[in-house]
Amino acid sequence: MPLENISCQKSFGGWHKRYRHRSEVLGCDMVFAVYLPPQAESGAKLPVLYWLSGLTCTDENFMHKAGAQRMAAQLGLIIVAPDTSPRGTDVPGDPDGAWDFGLGAGFYLNATQAPWAKNYRMHDYVVQELPALVEAHFPASEKRGISGHSMGGHGALVCALRNPGRYQSVSAFSPINNPIDCPWGQKAFSRYLGEDRSRWREWDACALIAQAREKLPLLVDQGDRDDFLETQLKPLALQQAARLAGHPLTLRLQPGYDHSYFFIASFIDEHLAHHARALGA
């Protein structure tokens with residue numbers, strides 16, 4: 001599958017690059033970013049951390065704001081940041097132009113309802129198509145970690161819980177932990193998946209953790225001044241589900257922090273170190 005390089009910048013001895021490609025899974029052109037640390041020039045295959053961003057974001061938010069490149073360069077860790085949704089004039093968005101559904105709000109699931117089912121298959125894109133592309137074109141090993149923020153934190157948890165053995169590490173910042181029980185999740189799931197709520201459980205971290213076949217340790221950071229803490233994110237629901245399932249979870253409620261990238265930048269080095277230990281970076 002061909003890649004079109006659309007930008008390239010030197011960063012901490014490595015390279016930040018953006019690529020466009022045709023996604024067969026999503027039926028549209030997609031853009032993703034990759035940070036290649038200086039160790040990539042040796043030809044050795046390096047572990048990869050996949051970062052999933054939140055509502056309204058693209059690949060650029062994390063790469064521009066998180067400040068992850070310095071530590072990734074030290075650790076020899078490739079970072080890949082996909083877009084949050086299929087894009088294009090032929091891809092349906094929210095009919096009312098709302099920011100929390102449709103374009104920029106793919107929720108990292110596989111939609112089953114028309115007209116969304118044709119394009120909104122972000123789960124398969126993130127878990128299968130994109131890694132195959134990355135591992136074919138870059139010095140990337142099959143050692144994979146996954147992380148994300150907000151909607152992307154939900155995506156990271158769900159991708160890891162649904163695919164035992166696919167990832168060696170997982171973490172999240174301010175994830176939507178229990179989407180079947182919050183307004184953002186209910187709006188998205190009812191449209192993408194239909195009104196049968198039993199099908200929603202297949203994409204909810206709190207439901208998935210109860211039946212997870214792999215006990216991959218979860219690292220979750222959450223700011224206690226996050227405006228979405230109580231109504232949308234519900235970290236205590238994840239904590240309870242993990243306790244009942246005996247699933248290893250480190251949930252850190254960080255005092256004074258909100259939902260922004262100031263929060264992510266403050267703790268990203270600790271998350272990268274968490275992934276590097278598990279990935280052998």
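Ala160, Leu161, Ala212, Glu214, Leu216, Leu218 and His247 line the largest cavity of this predicted model. Five of the lining residues are nonpolar, one is polar and one is charged. The volume of this cavity is about 50 Å³. Across the whole structure, the search finds one cavity of 30 Å³ or more.

Now turn to charge pairs. Side chains of opposite charge can pair when their charged atoms come close. The whole structure holds 14 salt bridges. One of them joins Glu60 and Arg18, at 3.9 Å from N to O. Glu60 sits in helix H1 and Arg18 in strand S2, so the pair ties together parts 42 residues apart in sequence. Arg18 is buried, at 16% relative accessible area. Glu60 is partly exposed, at 31%. A network of salt bridges links Arg18, Asp59 and Glu60.

Arg252 and Asp221 form another salt bridge, at 2.7 Å from N to O. This pair links distant parts of the chain: Arg252 belongs to strand S9 and Asp221 to strand S8, 31 residues apart. Asp221 is buried, with 0% relative accessibility. Arg252 is partly exposed, with 24%.

Asp124 and Arg121 also meet in a salt bridge, at 2.9 Å from N to O. Asp124 has a relative accessible area of 22% and is partly exposed. Arg121 is partly exposed too, at 27%.

Which residue is buried yet has no salt bridge? That residue is Arg166, and the nearest side chain of opposite charge, Glu135, is 5.4 Å away. A salt bridge needs the two charged groups within 4 Å. Arg166 lies in the loop between helix H4 and strand S7. Beyond its neighbours within four places in sequence, Arg166 contacts Val127, Gln128, Pro131 and Arg144.

Methods: Residues numbered from 1 in each chain as written. Predicted model: local features only at pLDDT ≥ 70, side-chain atom pairs only at ≥ 80, totals over all residues. Heavy atoms only, no water. Helix = DSSP H or I, 4+ residues; strand = E, 2+ residues; numbered from the N terminus. Buried < 20%, exposed > 50% of the residue type's maximum accessible area, 1.4 Å probe, protein only. Lys, Arg positive; Asp, Glu negative; His and termini not counted. Contact = heavy atoms within 4.5 Å. 1 Å grid on protein atoms, 1.4 Å probe; cavity = no way out; pocket = protein on both sides within 12 Å on 5 of 7 lines; lining within 4 Å. Points joined across faces, edges and corners; volume = space filled by probe spheres on them. Nonpolar A, V, L, I, M, F, W, Y, C, P; charged D, E, K, R; others polar.
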